[in-house]
Amino acid sequence: MENNPNITKRKINIRWLFNMALRDSRKNRSRLLLFISAIIFGIAALVAIYSFRYNLQHDIDKQVATLIGADLVVSGGKTVDPTVEPLLASLGDRRSEERSFPSMVYFPKTQGTRLVQVRALKGEFPYYGSLETEPVQAGTDFKNGQKALIDRILALQFNVRVNDSVKVGEVTFLVAGILDKAPGQTGISSGVAPIVYIPLQYLEQTSLSKKGSRINYSFYYKYDKPVDIPKVVKSIEPKLEKVQMGIETVEIRKENTGRAFGDLTRFLSLVGFIALLLGCVGVASAIHIYIREKIASIAIMRCLGVKASEAFLIYLIQIIGIGIIGSVTGALLGTSIQHVLPSVMQQFLPITISTDISWLAIGQGVLLGIIISVLFALLPLISIRNISPLNTLRINYDEVNLLRDPFRWLVYLLIVGFVVTFTYFQLDSWLGSIFFTIGISIAFLILTFIAWLLMKLMRLFIKSTWGYLFRQGFANLYRPNNQTIILIVSIGLSTAFICTLFFIQSILMGQVKLSSSGNQSNMILFDIQTSQQKDIAQLTKQQHLPVIQQVPIVAVRLDKINGHTLADVIKNPKLNIPERAFTWEYRVTYRDSLSATEKVIKGDWVGKADPGKEIPVSIEDNFSKRNHVNVGDHLVFNVQGVSMNAIVSSVRQVNWNKIQTNFQVVFPTGILEDAPQFHVLLTHVPSAKVSAQYQQSVVRRFPNVSIIDLGLVLSIVDGLLDKIGYVIRFMSAFSIITGIVVLIASVRISKYQRIQESVLLRTLGASRKQIFAITALEYLFLGMLSALTGILIAAAGSWALAKYSFEIPFTINWLPAILLFFIISLLTIVIGLLNSRGVLNKPPLEILRGN
Amino acid sequence: MHRINIICLLTATLLFASCGDKKATPAETQATAAAKPDSTSGDKVVLFFGDSLTAGYGLPDPSQAYPGVVQNKIDEAKLHYKVVNAGVSGETSAGGKARINWILKQKVDVFVLELGANDGLRGIPVTATMENLQAIIDAVKAKYPNAKLVLLGMQVPPNMGGKYAYSFKAIFPGLAAKNNMTFMPFLLKDVGGVPSLNQKDGIHPTAEGAKIVGNNVWQVLQGVLLK
């Protein structure tokens, strides 16, 4: 600039601007490195979390795909209508076909007969997962000959081994393998009857497929290239519905399997959002402090004749450079963490995390890093335009009041718009993004307000009577060149994110645990007659199995509600009673107490009926709402020919999620004991072997009793739940750790803020101890206050998330929160002290020179 | 996660029950008919004791089930008989055995037995089914020695396997002969296995199917009532 005499009319010389940007950065590379490192950590956190998220989501989706074994399944209970045959042949890139039906099979070796589910299969199904058999190759080999796979339960029950035979219909098959697990086996049908797979080409010979046979026709499709499955479903659904065929896809199965998948998706979105904000905090706090430190240099340059616009551009160029370097390095670091970590931790993780490079994550990370750098640099940079050369001489660090500067508002708007847009990429919902952004803005404002309040209060409270160290330490919080706002905001926000993740994680884990079956019942015996129930319970206990529940079930119908019959309801729709209330065949029970999964929400539970009075019954909440029946209403039940007058004494809320018998209507004891009824018994069998043994002994003594074995179904679902649980824990642990790293980095950048003063103090004769105490006090206060505020914000945020996003009950565990409070406070002090260690350990002059 | 309603689950596996939001049997009329043990009219009672084929599972109107069709035929023939429908969805022969005494509290002049289909679909050993049905017949004989007995035969679909299907089918003529009952070999004659006459589940007749069943039953029952 020395060569520029013509200051006023000079054109912008781009090359010179770049040079200046470079020259300015040369001044103190180590300091620059510190700032860039904050950006690197922020972006690395973001890229690693995003990459993990995309990979894990993909992994879980692949897991779910094994539940049905194909991309698309079409099935129906009748022979395929010729009109849809071309359609069925046109779907997918690879196709398999299956006919399944119940049949009695015969094991010649032990002369046993049993009802099984025969599945005649053609094609490469399953496309996801495999038919898990012993020996392994049997799962695919059996299709090549007159061979069958039999469920392990059958093998155990009838003492059948590989290479024995099984007769299905008229054909005797060689048992090629024992089946342990099969995709698509999660249906209830597999619980009723164990599975036998045979090749489809032998079905005709078995003569089981004839007129009148009840056969289910399934078609499995696999797409080799990614296809918009929901779109395919939409286009074929109406045609298939016409011929009474149903469709299943991975997506549909996910929805039907329960809320765990939805919870996982929402949680991963939340993690993504938090990663975004962590990235923002890392980058923004670094840039903010960096530029503020540059104000003096800018003023000097202005003194030497640099135009405001030139100064602005010089630093813009510099920031973009820093942003690019930081973001790219951060993206590299993040990707390598995401690559290395799973292989290092493989033995501790129950799931395989794929380590595909996610270009989407990298792209978002780099873009975000640069944009955030620029946007947050703009805030102080626009004030450059107003920095007069005099600023140098006055050493006025107070920011010029810019609230009236319209550009500043524009920048704010840009930042908000940008956060909303990037949030949208994570949440896939504009409304959600806006709410999340509003939430974060509120958190930001609260923290800023707290910081402002702190400064005001300190100014008021500090008395000259206090010791010097206290005065100095606290005064640092509000004196010019204070770092209160920036540190409280960045520490507070980081704490809030970490804590929110923690809270939500533990709430979700509670949900997952609730859903998984644990020691819940996995076997149901029904159609037990009254005369048999004691013996069966005894038999169960003899085999060391628990009788989890044993309930009588009576079939009843509802004749009248408050005197109105079905005929009245049809005649007079204004009665507001659905016809279904009367046409339904209710299965009710009677007992003297509530079960563990029930809660009375209205009225009083009555366990015993008084003879001669109306029978006090308890109804379920949904029954009450659906039929507009409430406590005190009169019902007339028809118990297979006998009218019974009842009055609703209570309304119950029932948790339907457990494997348990639940009832819409419960009678008290003393009424239905003599009515026709059967009993249901629920137990838990630990293994296939025990299950086979138990089933065998039950069926031998009580041939009429039917058994549903849900062990396999539940174990598959539980396995998936476990994985979801691990993913949630892994992601939250990883995000919390990265959050702490970002927090450390953002506190670390305040290093140079205090150096000058500390050195001056030392020069003036302050002892190391004194400086130590002053610094410790300042950071202690900042750390505690922002950690506390952050945790409170997290509690409020988690409550809102639980209520509105996850729609699950909010619970909070304060102990870890308190622990986190101490950890963050301590961390802040430690980093603060580390920051001034240089000053403490070295002679002042060295630092003054070296700076 | 496991949104499995046990009752749903049980009934889903059974032949003759419904679950969820499907329309269930509107059995109001049958139930009330059965609800008046001492019928005021002098009509004699034809009691249909059976499962959901009798109860009319899945039909929009219970009188469309075959006992209702038979009632219409009786009325057309101006015979003084009243049909009582004592069908319960999902019932097996064992369930029927446990229920029979409760049902027999009311007067019975003609007892029509239609049970066993659920046993067959669950692969219950035929000897057990046979014993239970015999016990039901014995109970009726003991309480109403003069009641006329009718047995409606059942078959299982061919997919259950030839051997089982054969021995299952053989239960009914044997029982009928042993107990001197009027016998109809197969209740679902002309209807079973015809997709257009059955509901989506492939087992329960539609209203049209039930009409054919009712006519077939009437052919057999006519002789008994006119005797």
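1. Chain B contains nine helices and five strands, where helices (H or I, at least four residues) and strands (E, at least two) are DSSP runs numbered from the N terminus. Along the sequence the pattern reads α-α-β-α-α-β-α-β-α-α-β-α-β-α. This is a predicted model, in which local features need pLDDT of at least 70, side-chain atom pairs count only at pLDDT 80 or more, and totals for chains, interfaces and linings use all residues. Residues are numbered from 1 along each chain as its sequence is written, while chains are lettered from A and ligands numbered from 1 in the order in which they are written.

2. The strands of chain B form an open sheet of five, in the order 2-1-3-4-5, with parallel pairing; two strands pair if DSSP finds at least two bridges between them. Strand 2 (81-87) and strand 5 (182-184) of chain B each have a single partner strand, so they stand at the edges with one side lacking a neighbour in the sheet. From one strand to the next the twist averages 15°.

3. Strand 4 (residues 148-152) of chain B runs parallel to strand 5 of chain B and is joined to it by three bridges. Opposite V150(B) stands T182(B), in strand 5 of chain B. Helix 8 (residues 162-179) of chain B packs on the sheet and touches strand 4 and strand 5 of chain B. The direction of helix 8 makes about 170° with that of strand 4 of chain B; axes are lines fitted to C-alpha atoms, for helices over the stretch in contact, and angles run from 0 to 180 degrees between N-to-C directions.

4. Helix 7 (residues 126-143) of chain B lies across strand 3 (110-114) and strand 4 of chain B. Helix 7 runs at about 170° to strand 3 of chain B.

5. Of the 227 residues of chain B, 56% count as buried, that is, 20 or more other C-beta atoms, placed from the backbone, lie within 10 Å of the residue's own. Among contacts in chain B between residues at least 6 apart in sequence, 77% join residues at least 24 apart; two residues are in contact if their C-beta atoms, placed from the backbone, lie within 7 Å.

6. V217(B) belongs to helix 9 (residues 207-226) of chain B. V217(B) counts as buried because it has 23 C-beta neighbours inside 10 Å. Apart from neighbours within four places in sequence, V217(B) is in contact with Y66(B), V70(B), L152(B) and M184(B).

How values were computed:
A residue is buried if 20 or more other C-beta atoms lie within 10 Å of its own, exposed if 12 or fewer, and partly exposed in between; C-beta atoms are placed from the backbone.
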